[in-house]
Amino acid sequence: MITTPNLGYGLGLRSQHWDDVLIQQPTDVEWFEIISENFMNNKGYPQEVLSKIRESYPVAMHGVSLSIGSGDPVNRDYLASLKALADWLEPAWISDHICWTGINHINTHDLLPVPYTEDSLRQMVNKVDEVQTYLGRRILLENPSNYMEFSANTLSEWDFIRQLLEQADCMLLLDINNIYVTCFNHKLDPKAYIDSIPAERIGQVHLAGHENHGTHIIDTHDCHINEEVLALYAYAMRTKGQKSTMIEWDSNIPNFETMLMELKRVRLFSKTENLPDFSHKKNSKSTTTEPNTAYNELMHLFQSCVLNNIKPQSWVNDKQGFTAVDQMDVYRFAYRKRLFDSIVEEYPQSRSILGIDRFDLLLRTYIEHNPSTFYSLDPYIKGFANFLKQHSPEQAEVALTESIISELRDQPQPATITLAALAKAGPDGFLSLNLSFTPAAKLTSSLLLICKKLQVYRQPLTQLEYAGLQAINSTESLEEAMQYLYQEDFCTAETALPTIQTLLSEFVPKGVFTSGQIENMTV
Ligand SMILES: [Fe+2]
């Protein structure tokens with residue numbers, strides 16, 4: 001008998017709500033799901049928040065980069081980071097998606113559909129086995145929201161998933177909205193889809209909002225859950241038993257009160273017995289005249305269609321009102337939009353100084369010519385600073401500052417010294433004090449950057465301030481820092497001490513310094 005605990009009703013933990021959760025400690029939310037990648041290799045404020053929340057709530061890890069369906073081998077670096085996070089967090093479970101994110105070590109940072117063939121099933125079963133052995137636990141895999149149909153498919157999505165769950169001995173993260181989206185796009189019956197999933201293999205449920213474009217639906221996670229999706233959810237819980245359920249809301253994220261109201265709505269709807277009639281949906285696979293194309297070859301075709309804007313050929317099934325080109329356009333646009341929006345968010349000042357048109361043109365060029373090769377978006381976003389440096393040298397400094405800002409948010413924020421603690425060293429001990437920057441503070445050539453929580457403060461510096469701060473940070477004692485300043489003619493031997501004292505009285509209260517010699521207390 002396979003069991004996964006029913007944790008009740010939960011929410012996706014998003015940074016916009018961290019303070020609300022820490023202050024309110026809401027009892028209506030029984031558990032949280034995190035995006036694993038947001039906390040991997042991160043010792044900064046995000047980990048501090050997660051550690052506090054974990055003390056009061058069960059937490060599940062949900063990843064987006066395992067790429068279990070890719071023809072590439074499993075990324076062992078990624079897996080090691082995932083396991084390190086799990087060993088620290090002790091999550092209720094770990095999940096990812098039935099998808100691939102790229103092949104040939106490219107990462108599209110999108111959840112791409114796998115061909116539903118015996119060949120891909122066999123490869124995926126082997127990889128799930130490898131991952132579960134490495135992690136030492138069963139994983140949950142989520143049914144995707146699907147916008148295209150390979151003409152090579154020989155299995156329905158639900159047959160593929162059922163066989164995957166049984167042959168790989170893993171669990172399903174049942175995303176009801178994804179079922180609704182996929183069934184709308186491919187004219188399938190969502191009720192029949194749910195009926196075909198074995199109840200004991202369902203470990204968790206996702207609910208989310210979507211956007212209906214008439215000919216197809218896109219899984220946007222940016223609005224309230226559609227009522228038909230909720231009715232389908234109630235049907236699933238009635239027939240499969242109650243499962244841990246949570247809401248994913250990832251764009252246009254509302255305030256926390258709205259999230260609590262939405263969770264209340266889910267609880268109320270879980271009792272409804274009205275299910276829309278989906279029986280007019282066909283449930284039959286579209287006819288195909290094409291021979292089966294090998295699994296890896298299909299991925300290469302798919303990827304070049306997304307990256308190089310190549311039109312899909314007969315390996316994608318045309319559908320009435322939703323052509324093969326339209327289907328692949330969903331992925332082509334989503335790929336570019338995700339990368340574009342992520343970079344725009346991190347480079348506001350560069351965009352404002354360069355002008356939106358020029359910045360956007362450079363950014364589009366960067367995206368078209370530099371596919372991502374990392375499982376995390378962070379290095380790709382930072383790489384844009386180098387690109388700007390080459391193509392717009394006058395912007396190099398600003399772009400570099402913005403890329404440092406995004407790095408600072410991942411740095412630990414330990415307690416820093418206060419003026420009162422500094423005074424305790426007394427006149428004799430003062431000159432031998434060794435102060436250094438907290439990891440959350442950094443100098444650029446003209447700015448001091450300090451990260452507090454997720455906010456990065458920028459302070460313009462005079463030449464003297466820059467030299468003084470650098471001297472205090474890089475020398476072994478305040479006396480050495482003074483010597484440096486007067487040897488480099490920033491002051492005289494007589495004014496070196498008051499110069500250092502003035503700098504410390506200005507910057508210590510800002511939380512810039514730590515010291516192993518005196519007590520660190522957060523300012
Ligand atoms: Fe989902």
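This is a short tour of the structure above, stop by stop.

**Before you start**

You are looking at a predicted model, in which local features need pLDDT of at least 70, side-chain atom pairs count only at pLDDT 80 or more, and totals for chains, interfaces and linings use all residues. Residues are numbered from 1 along each chain as its sequence is written.

**Stop 1: the whole protein**

Colour by secondary structure and you have 20 helices and 15 strands; helices (H or I, at least four residues) and strands (E, at least two) are DSSP runs, numbered from the N terminus. Of the 523 residues, 41% are buried. Here a residue is buried if 20 or more other C-beta atoms, placed from the backbone, lie within 10 Å of its own, exposed if 12 or fewer, and partly exposed in between.

**Stop 2: the domains**

Next, colour 9-269 as domain 1, 295-408 as domain 2 and 419-514 as domain 3; such bounds come from an automatic or database domain assignment. The centres of domain 1 and domain 2, taken over C-alpha atoms, are 24 Å apart. Between these two, 31 residues of domain 1 are in contact with 30 residues of domain 2, where contact puts C-beta atoms, placed from the backbone, within 7 Å. Select helix H4 (residues 118-135): it supplies three residues, the largest share of the side of domain 1 that touches domain 2.

**Stop 3: the cores**

Which residues touch the most other members of the largest nonpolar core? Select Leu172, Ile176 and Tyr233, in a core of 107 residues. A nonpolar core is a set of buried Ala, Val, Leu, Ile, Met, Phe, Trp, Tyr and Cys residues joined through C-beta atoms within 7 Å. Both domain 1 and domain 2 give this core at least three residues each. Centre on Ile176: leaving aside neighbours within four places in sequence, its contacts are Val205, His206, Leu207, Val229, Leu232, Tyr233 and Ala236. A separate core has 27 residues, including Leu435, Leu448, Leu469 and Leu478.

**Stop 4: strands around S1**

Now select strand S1 (residues 9-12). S1 pairs in the parallel sense with strand S10 (residues 245-248) over three bridges; strands pair if DSSP finds at least two bridges between them. Along that pairing, Leu11 stands opposite Ile247. Three bridges also join S1 to strand S2 (residues 31-35), again in parallel, and there Gly10 has Trp31 as its bridge partner.

**Stop 5: an open sheet**

Move on to S12, S13 and S14, which form an open antiparallel sheet in that order. Strand S12 (441-443) and strand S14 (455-460) each have a single partner strand, so one side of each is left without a neighbour in the sheet. Neighbouring strands here are turned by 20° against each other on average, direction ignored. S12 meets strand S13 (residues 447-452) over three bridges, with Leu443 opposite Leu448. Axes are lines fitted to C-alpha atoms, for helices over the stretch in contact, with angles from 0 to 180 degrees between N-to-C directions.

**Last stop: Thr514**

Finish in strand S15 (residues 513-514), the place of Thr514. Is Thr514 buried or partly exposed? Thr514 is partly exposed, because 18 other C-beta atoms lie within 10 Å. Draw a distance to Ala415: the C-alpha atoms are separated by 7.3 Å, though the residues are 99 apart along the chain.
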